[in-house]
Amino acid sequence: MAELTYREAVAAGIAQEMERDERVVFLGEDVAAAGGVFKTTVGLLEKFGPCRVRDTPISEQAIVGAAMGAAMTGLRPIAEIMFSDFFGVSWDMIANEIAKARYMCAGQLALPLVIRTANGSGSRFGAQHSQSVENWVMAVPGLKVVAPSNPADVKGLLAAAVRDPDPVIFFEHKGLYATKGEVPDGEHVDRLGTAKVLRQGSDVTIVALAAMVPRALQAAQRLEKEGISATVVDLRSLVPLDTKTLLVETKKTGRLYTVEENPRLCGWGAEIASIVAEEAFYDLDGPIVRITTPHVPLPAADELEDNTVPTVERIVETVRRTAG
Amino acid sequence: MASDDIDRSTRLALYRSQIEIRLLEKRAYELFLQNLIKGTSHLSLGQEAVAAGFAVAMRPDDYTYCTYRGHSHTLARGAPMLGVLGELMGRRCGLMGGKGGSMHLTSVAHGVMGSYAIVGAHLPVAAGAAWSAQLRGSGQVSLCFFGDGTCNIGAFHEALNFAAVWKLPVIFVCENNQYMEYTPIRSVTAVEHPAADRAAAYGLERIVVDGNDADAVYRKARESIDKARGGGGPSLIEAMTYRTSGHSRADPAKYRPPGELEEWTKRDPIALYRARLLELGFEESELRAMDSAVQRAVDEATEGAKASPTPPLEVIDKDVWADGGSSWRN
Ligand SMILES: Cc1ncc(C[n+]2csc(CCOP(=O)(O)OP(=O)(O)O)c2C)c(N)n1
Ligand SMILES: [Mg+2]
């Protein structure tokens, strides 16, 4: 085991796959010579050369569209969209083209590609560089959606995404880039569509994603001291969704909480709440509670941003108030 | 026989391809009026020389990317008439078994990598396929067809610049049929030639070709394809043409100024080409035999498609993912 930062795990994951498979190529803005605006791709240009690691113009449609064209003709591209907010300018490519191509042509085309992007808040960048847009993508049939919470998962899930035969949207959390964690040595490949139980409790089940995972874990520790024992599930993947783990872990405690960074309406937790209500209603001991960013654009100032996205304090307070 | 640069069999191929498109699309229009083709369909009547001229110049493994107005390009690459008509009619025998419809014809086996219905979307995709060919060293060229109106959408600019900077083996072909839907292109475009007048912005040569002359198109196609295959980078070609049908479905095209359709009909690409072939010494009987053979093929495809069952409902849940299914949970 080596200790890596979340951002180093990104480069390690890409490098592992580029070394293994020469069809894997990587493109995006400032990703090659500069190593990425978040320094997530440092060293890749030097290792794999300018044919496979390419800087692009500021052309989000062309970046994603080119990845699509390359994927359907034999390559396995990884495209970087610098900030997930910029999905807005490449949305036609993502939602109308990539997501639908295989279905419309009855399987004649394959699109093994990954779109990596920096998602989420914590950098005081304001409403157009801080959004959590995983629920935008989750709403479109034909896209797989992954959002790791720690360096080991970054490397393992990124490798799995590259090897997957379908388009995968890979959300890195920019608030986690500096965090550290143990990453297995040697080749590390995880499985898409699998949630992980990080902590087993007996009173409540808290389901979280990406940067909300460490917050849920901290909240669980504090709740423990107050006599509330919490299970914490790291969802890791929205599509495919590991409903088995969700249902099993919810039934064990009878109480379900989701911690979501996306704004309230149609956030991923709403889908989970609906599945659990339909399929585990009689195992519930109380209402499902969603802890989300309110339905507002994100403000920039420290105090405002910090108090908009779910905090450890808000998770603890909500569970304490409702779990009784 | 003509002693110029285009040989006899190529000329026959150009003629045949145009006739195939014309007769099949006329049939599609009839079927539409009979309500056997639902939804929408965008015909290329009057524009056949562009599709034929390029397709005949392509290598079988080159890529075609086209728009909703793509029956012509799909047929020109050799996709079966039965599959095309069947797809238009929503039948099991359709190229995509009825899942795509008229605007999304795809036949990967014939190099037709998709018909795209969001204006401009396929330009970056075609560039990506060219990038892949470049990296794999396959020598394949990517051909991308679109309309005059498409030159005004952002994806056009992104793709052209991207392809030029990376020197990709891709050819962007603007079929300037004078209209974007119902609006004359001149009234919404800052320059006279929406594609060619912008070529300089991407460091590309300004190329305008007579899109109703299959030979002229074929020559430009050869030139640009050879250049791309040889590592010379992309081209942007504007082919001047006119669609003599409506934009889509039963569009009566009331927006045409008086006399315009008549003027262009005089320059009908197939009539022009037929006259040229006769002038060059081809036999009337030979051409007539080809016309009849194509008409028979269209009739057979029509009967075949009519006889084909509707798609099985199981396909609704198929082919979202590579495993053949559509499951999003365990
Ligand atoms: C992004 C987008 N905007 C608008 C439309 C509606 N639309 C379909 S075809 C068309 C006209 C396109 O004109 P042109 O590029 O000249 O192609 P043509 O139809 O003449 O072949 C329009 C506006 C669309 N499909 N996609
Ligand atoms: Mg037009």
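Visitor: What makes helix H2 (residues 48-57) of chain B largely enclosed by the rest of the structure?

Guide: In H2(B), the residues Glu48(B), Ala49(B), Val50(B), Ala51(B), Ala52(B), Gly53(B), Phe54(B), Ala55(B) and Ala57(B) are buried, where buried means under 20% relative accessible area, exposed over 50% and partly exposed in between, with a 1.4 Å probe and protein chains only. A helix here is a DSSP run of H or I with at least four residues, a strand is a run of E with at least two, and both are numbered from the N terminus. Nine of the 10 residues of H2(B) are buried, so this helix is largely enclosed by the rest of the structure. The model is predicted, so that local features need pLDDT of at least 70 and side-chain atom pairs count only at pLDDT 80 or more, while totals for chains, interfaces and linings use all residues. Residues are numbered from 1 along each chain as its sequence is written, chains are lettered from A and ligands numbered from 1 in the order in which they are written, and side-chain values use heavy atoms, with hydrogens and water left out.

Visitor: Why is chain B called as compact as a globular protein of its length?

Guide: Chain B has 10 helices and eight strands. Its radius of gyration is 20 Å, close to the 20 Å that the globule rule gives for 330 residues, so chain B is as compact as a globular protein of that length; the radius is taken over C-alpha atoms, and the rule is 2.2 Å times the number of residues to the power 0.38. Along its principal axes, the C-alpha trace of chain B spans about 55 × 50 × 40 Å, and buried residues make up 58% of the 330 residues in this chain.

Visitor: Which residues touch the most other members of the largest nonpolar core?

Guide: They are Ile206(A), Leu235(A), Phe54(B), Tyr65(B) and Phe172(B), out of 204 residues in that core, a nonpolar core being a set of buried Ala, Val, Leu, Ile, Met, Phe, Trp, Tyr and Cys residues joined through side-chain atoms within 4.5 Å. Helix H1 (residues 8-33) of chain B gives the most to this core, with 10 residues.

Visitor: What makes strand S2 (residues 24-28) of chain A mostly covered?

Guide: Five of its five residues are buried: Val24(A), Phe26(A) and Gly28(A) lie on one side, and Val25(A) and Leu27(A) on the other.

Visitor: With which strands does S2(A) pair?

Guide: Two strands pair if DSSP finds at least two bridges between them. S2(A) is joined by five bridges to strand S4 (residues 76-83) of chain A, which runs parallel, and Val25(A) has Pro77(A) as its bridge partner there. S2(A) also pairs in the parallel sense with strand S3 (residues 53-55) of chain A, over three bridges, and in S3(A) the bridge partner of Gly28(A) is Asp55(A).
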